[in-house]
Amino acid sequence: MKRQLPLLFVFLFGTFMVVQNFVPHENSERAKDFLNDWTIIIGIFALALGIWSLISVSIDKINKRKPNWEYAFVTLVGLVAMIFFGFTSNVSSSWWTYFASLIVLLIALWLLVQGILGFGAGATRSKEKFFAGIGLGLVFTLIAIFDKSWEFHFYTPEGLENTMFKNFFSNIMVPLQSTMFALLAFFISSASYRAFRARNLLASLLLIAALIVMLRFTPGPWGDLISKTSTWVMNVPNLAAQRAIVIGIGLGMVATALKVILGIERGYMGKG
Amino acid sequence: MELGQFLWTSLAAFLTLSVFSFLYKDNPMYKFAEHLFVGVSAGYFVIILWHNGLVTNLYGRLADGHFYFLWLDSAKWWYIFPAILGIMMFTRFSRKWSWVSRWPVAFYIGIATGLAVPLEMANRVNRQLYSMMEPINWQSFFGSGWLDMGAGYSDIIIFVGTVSALIYFYFSKAHTGVFGSAAKLGIWTLMIGFGASFGFTVMARISLLINRIQFLDKNWKRNSFDFTNENFSPGYLVLFWLIILVFLIYAISEFLKYLKNKNASSVKSA
Amino acid sequence: MNIFERFMKLDRRWIYLFLLAVCLLAYYSDFTVPTIVEKETSAIYNFIDSLPPGEVIFVAIDYDPSNQAELHPMTYAIMEHAFRKKLRVVFTALSQNGPGMADQAIHDLADSLRVDKTYNGVEYKGRELVNGVDYCFLGYKPYYALVITAMGQDFRTPFPSDYYGTPLDSLPLMKKVHNYDDIAILVDVSGGNITDAWISYGQGKFDFPLALGLTGVMTAQYYPFLQSGQVMGIMGGLLGAAQYEDMTDNPGLAKDGMRVQLPAHLVIILFILMGNIGHFAGRKNRKKVQS
């Protein structure tokens with residue numbers, strides 16, 4: 001049951017999907033869509049595991065006072081705030097009660113967590129904090145019910161159009177993620193200086209190809225020649241190399257997939 | 001630009017500069033920005049999964065049913081089963097019951113691998129091999145002009161290059177003799193391909209930096225000094241210089257620390 | 001220690017500062033770099049330009065903010081081109097943070113399209129974009145390979161409603177659009193592995209015209225698919241975006257950014273040459289000392 005049933009599932013569903021690809025009948029396509037639909041729903045729950053992992057790691061970091069534990073608060077506040085904004089919308093022109101509710105929610109959640117897990121390494125469970133958290137949670141619930149300046153939207157996507165949600169995305173996530181990747185421009189310049197050595201023929205070939213491609217939009221008569229050379233390099237030797245890699249990856253993927261379907265590869269099951 | 005929008009843009013500029021400050025050294029501003037990003041992006045993903053995933057694909061289909069019947073009275077009652085399989089995933093956190101999470105994982109793995117086998121074989125392998133077998137352009141073997149990619153010699157280079165690179169990847173036989181020479185030609189072809197990739201990679205990385213410079217200039221600095229803006233107030237300038245001041249103070253304090261350490265080390269060596 | 005050895009021991013932060021200084025100098029200088037339009041990009045432009053008004057195209061916005069520098073200009077250029085020509089657009093966003101990027105692009109373009117503009121000598125009147133009539137944003141679903149396969153039968157299978165919660169059947173645009181057979185072209189603007197899934201599971205199984213907008217890092221890898229006919233065009237990186245902007249006569253961030261690219265590339269080449277000269281000169285020196 002623990003190992004045989006999953007192996008049987010993988011074999012049955014894997015074989016069905018392989019055979020289904022060659023059966024153009026409408027019922028075969030319906031069965032495939034049915035299974036795909038189920039898999040997407042299961043996958044949503046699987047992705048939520050990662051979020052739980054982040055929360056537990058951050059709380060553990062704070063409780064055990066690991067290095068930079070103070071910043072774990074920032075992570076948790078950002079997470080809760082974003083979720084709050086995504087499930088709510090402010091319908092009035094005043095934002096005070098909206099943000100006050102968020103602060104009450106943050107404090108309530110933190111007290112609950114401290115109460116359940118204890119505060120600090122080796123501390124006993126804190127009943128007072130737990131009940132204080134419950135109390136504040138009730139306060140938050142009462143505000144949510146009686147305050148008409150903002151609303152909860154669990155089953156409709158008004159939260160996606162919430163100004164705070166969109167501003168958090170555009171002005172926190174977008175600049176942070178794009179700037180973190182922009183650091184790579186500097187790292188590649190440092191790597192070019194320190195690591196890129198034309199020690200042998202192979203490295204020299206790589207360097208020459210890279211130089212031709214990097215200079216392909218140089219203006220002037222030399223630029224035209226380099227541009228034509230670059231186009232040829234991309235469409236001929238580069239194409240040959242990438243085609244070999246694509247074929248190799250394709251064969252590797254098919255071989256690994258077959259190993260998984262036939263039960264030879266069982267890494268996905270974990271230990272036990 | 002309205003004040004509210006300018007405040008948000010200033011926050012984005014502050015966070016951008018905080019991340020760039022990492023190039024000098026890891027510092028509290030960078031750590032704050034990094035941890036904030038992790039939390040906010042996780043929260044964003046939860047919302048997107050909920051509204052675009054669970055609500056539309058699961059709740060939307062079971063909405064005509066009732067909670068107290070566990071939605072089995074819904075017209076599409078069978079959708080409760082993938083939900084049960086999904087919830088079984090959470091048994092992963094229990095040492096005693098973690099084997100239960102293997103069932104939904106096996107369901108997903110089986111379908112994904114079964115889908116992959118024929119389609120990857122057809123599109124990554126077969127289609128690529130077919131296009132490699134196309135006739136060589138003998139009529140225009142030398143092409144016209146400088147390095148003609150439609151010329152016959154280009155077709156031969158593609159064919160020979162691909163076959164030799166595939167030979168290079170075959171490690172079950174020792175790369176000696178004729179086989180070894182073909183493998184050598186293969187690695188030369190691969191190096192040209194990697195060089196072309198590197199050239200594009202440099203362009204990609206520089207583009208990322210250019211975009212940040214464009215944002216800081218067009219979206220933030222120009223709006224800070226846009227005196228023609230009807231919403232403009234001296235507060236825009238104050239906020240701009242305040243953010244610059246924060247980083248200037250950090251830079252000056254680091255420079256003073258560096259001088260102090262340099263003096264200390266020269267006194268020590270003397 | 002000779003000058004080459006000093007250079008080799010240079011703190012990397014000086015290298016960063018030099019690169020930043022060159023980029024800022026190029027950014028604030030007034031010059032342009034000519035854009036040579038490549039065949040791969042012009043194929044996409046010509047195809048979309050030849051479509052009659054009312055045709056439906058599919059744009060898959062499969063990138064995160066980390067790739068927005070190269071891919072957002074492409075998305076804007078293609079979408080503005082399509083909307084000015086009164087084509088109707090169906091969007092998805094199969095990457096994790098893609099919905100936000102797509103939503104941002106739709107709102108920015110809605111503002112831009114309200115204004116009358118002239119491109120390539122043709123005047124386009126400003127208009128309001130209407131959700132459900134001019135465009136439909138399907139949203140995000142996880143496990144893109146399965147979603148792409150499921151959309152081949154009917155878009156409604158993985159997407160019963162759009163991003164804003166409206167059932168697809170109630171949208172006028174989607175009444176006659178059911179699957180890939182009802183779209184003229186699919187443009188995948190992507191920064192990751194989702195492109196592979198569109199080629200294998202989408203185009204490979206359902207055979208629709210597929211064009212790619214890729215980051216520079218990925219571009220070189222997809223030339224085999226271009227040559228085999230699986231992909232009908234590729235826009236590669238910021239250069240591809242600048243080429244498309246050039247063809248649509250709609251200069252934007254990409255064209256503006258290209259003039260900083262060239263000096264930055266020259267700086268990287270200078271670093272490579274300096275590094276190699278320093279390494280080989282230093283090695284010669286060390287051999288002399290040893291002997």
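Into which domains is chain C divided? Chain C is divided into domain 1, covering 3–29 + 268–290, and domain 2, covering 39–251; such bounds come from an automatic or database domain assignment. The C-alpha centres of domain 1 of chain C and domain 2 of chain C lie 42 Å apart.

Before I continue, two remarks on conventions. This is a predicted model, in which local features need pLDDT of at least 70 and side-chain atom pairs count only at pLDDT 80 or more, while totals for chains, interfaces and linings use all residues. Residues are numbered from 1 along each chain as its sequence is written, and chains are lettered from A and ligands numbered from 1 in the order in which they are written.

Let me turn to chain B. Chain B has seven helices and zero strands, where helices (H or I, at least four residues) and strands (E, at least two) are DSSP runs numbered from the N terminus. Its pattern along the sequence is accordingly α-α-α-α-α-α-α. The radius of gyration of chain B is 31 Å, whereas a compact globule of 270 residues would have one near 18 Å; the radius is taken over C-alpha atoms, and the globule rule is 2.2 Å times the number of residues to the power 0.38. The C-alpha trace of chain B spans about 75 × 70 × 55 Å along its principal axes. Of the 270 residues of chain B, 42% count as buried. A residue is buried if 20 or more other C-beta atoms, placed from the backbone, lie within 10 Å of its own, exposed if 12 or fewer, and partly exposed in between.

One helix of chain B deserves attention. Helix H4 of chain B, residues 102–132, has 31 residues and reaches 42 Å from its first C-alpha to its last, close to the 45 Å expected at 1.5 Å a residue; the expected span is 1.5 Å times one less than the number of residues. H4(B) has a kink of about 35°, centred on Glu120(B), the bend being the angle between axes fitted to the seven residues ending there and the seven starting there. Why is H4(B) described as largely enclosed by the rest of the structure? Because 24 of its 31 residues are buried.

Next, the interfaces. In all, 96 residues of chain B are in contact with 105 residues of chain A, contact meaning that the C-beta atoms of two residues, placed from the backbone, lie within 7 Å. H4(B) gives the most to the side of chain B that touches chain A, with 24 residues. That side divides into 67 nonpolar, 22 polar and seven charged residues. Here Ala, Val, Leu, Ile, Met, Phe, Trp, Tyr, Cys and Pro count as nonpolar, Asp, Glu, Lys and Arg as charged, and the others, Gly among them, as polar.

Chain A also meets chain C, through 43 residues from chain A and 45 residues from chain C. H6(A) supplies the largest share of the side of chain A that touches chain C, 13 residues. By class, that side has 21 nonpolar, 16 polar and six charged residues.

Finally, I return to chain C and its backbone. Most residues other than glycine have a negative phi. Lys86(C), however, has a positive phi, near 60°, and lies in the loop between helix H4 (68–84) and strand E2 (88–92) of chain C. Lys86(C) is partly exposed, with 14 other C-beta atoms within 10 Å. Asp207(C) likewise has a positive phi, near 55°, in the loop between helix H7 (194–206) and strand E7 (210–214) of chain C. Asp207(C) is exposed, with 12 other C-beta atoms within 10 Å.
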